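The paragraphs below go through one protein model, starting from a few aromatic side chains and ending with the whole chain. Please keep the viewer open while reading.

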Amino acid sequence: MIGRITGTLIEKLPPTVCVDVNGLGYDIDVPMSTLYSLPETGARVTLYTHLTVREDAHILYGFATAGERSAFRELIKVSGIGARTALSVLSGLSVADLAQAITLQESGRLTRVPGIGKKTAERLLLEMRGKLGADIGASAHAVQDNQSDILNALLALGYSEKESLSALKTLPEGVGVSDGIKQALKALVR
């Protein structure tokens, strides 16, 4: 398995980049989030990689962070999600946003990604529930825990899941649990 590549970025042809490693050029497919974070051609670059071996090809996928690679690996385990679709998901959503969408079971966020329909989004949410742990999007994990606690509090107070999720969307980023519950209740009263 090729786990990481460091070399000179010699070409960007979305969604593929070419990295020269001591005279050997590796074509690597990357999500758009990684492509936008890469330096100009000619600069030194390090990518975390995932190698897929098929009967007709060896395909190398590259990621700017280990978290993106971990999310990619979890995505391709979902039935009906191939590598191209997983790259599309990571191009449309950050790892933190993906983890939050899964935690809050927001299929609407996923259906905005090209190639993801309602059924695929629901299957993805079902199969990935609890899979994106603290190692993926660690800073967003605390926010997810807070939002999950706020959501559970609203549900315990008798609000529907739809009402509770819409109230969560009105909260500022990084809000604490007690403040979040108060603000969500104010939003629900309006």
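In this predicted model, both Tyr61 and Phe72 are buried, where buried means under 20% relative accessible area, exposed over 50% and partly exposed in between (1.4 Å probe, protein chains only). Phe63 is buried as well. A search of the whole structure finds 2 aromatic pairs. Rings of Phe, Tyr and Trp (its six-membered ring) pair if their centres lie within 6.5 Å; planes under 30 degrees apart count as stacked, over 60 as edge-to-face and the rest as tilted. The rings of Tyr61 and Phe72 are 5.2 Å apart at their centres with planes at 40 degrees, so this pair is tilted. Tyr61 belongs to strand E5 (residues 58-63) and Phe72 to helix H2 (residues 66-75), so the pair ties together parts that are 11 residues apart in sequence. Helices (H or I, at least four residues) and strands (E, at least two) are DSSP runs, numbered from the N terminus. Phe63 and Phe72 form a tilted pair too, with 4.9 Å from centre to centre and 45 degrees between the planes. Through these ring pairs, Tyr61, Phe63 and Phe72 are linked into a cluster.

A word on conventions. Residues are numbered from 1 along each chain as its sequence is written, and side-chain values use heavy atoms, with hydrogens and water left out. Local features need pLDDT of at least 70 and side-chain atom pairs count only at pLDDT 80 or more, while totals for chains, interfaces and linings use all residues.

The unreviewed UniProt entry annotates residues 73-92 and 108-127 as "domain: Helix-hairpin-helix DNA-binding motif class"; UniProt positions are given in the numbering used here, feature names are shortened, and annotations may be inferred rather than shown by experiment. In the model, residues 73-92 are 65% helix and 0% strand, with end C-alpha atoms 16 Å apart. For residues 108-127 the content is 70% helix and 0% strand, and the end C-alpha atoms are 16 Å apart.

Glu106 sits in the loop between helix H4 (95-103) and helix H5 (107-111). Is Glu106 buried or exposed? Its relative accessibility is 11%, so Glu106 counts as buried. Apart from neighbours within four places in sequence, Glu106 is in contact (heavy atoms within 4.5 Å) with Ala101, Leu125 and Lys169.

Helix H9 (residues 177-189) has 13 residues, which at 1.5 Å a residue should span 18 Å, and its end C-alpha atoms are 18 Å apart, in agreement. The expected span is 1.5 Å times one less than the number of residues. Gly180, Ile181 and Ala184 are buried in H9. Viewed down the axis of H9, the buried residues fall within an arc of 100 degrees, so they line one face of the helix; the arc is that of the directions from the helix axis to the C-beta atoms. On the other side of H9, Lys182, Lys186 and Val189 are exposed.

Overall, the protein has 9 helices and 5 strands. Buried residues make up 38% of its 190 residues, and the C-alpha trace spans about 65 × 35 × 25 Å along its principal axes.

The predictor's confidence in each residue is pLDDT, from 0 to 100. Its mean over the protein is 87, and 93% of residues reach 70 or more. Among the elements, helix H7 (residues 138-156) has the lowest mean pLDDT (70) and strand E2 (residues 16-21) the highest (97). Over residues 134-141 pLDDT stays under 50. Where pLDDT is low, the predicted coordinates should not be read in detail.
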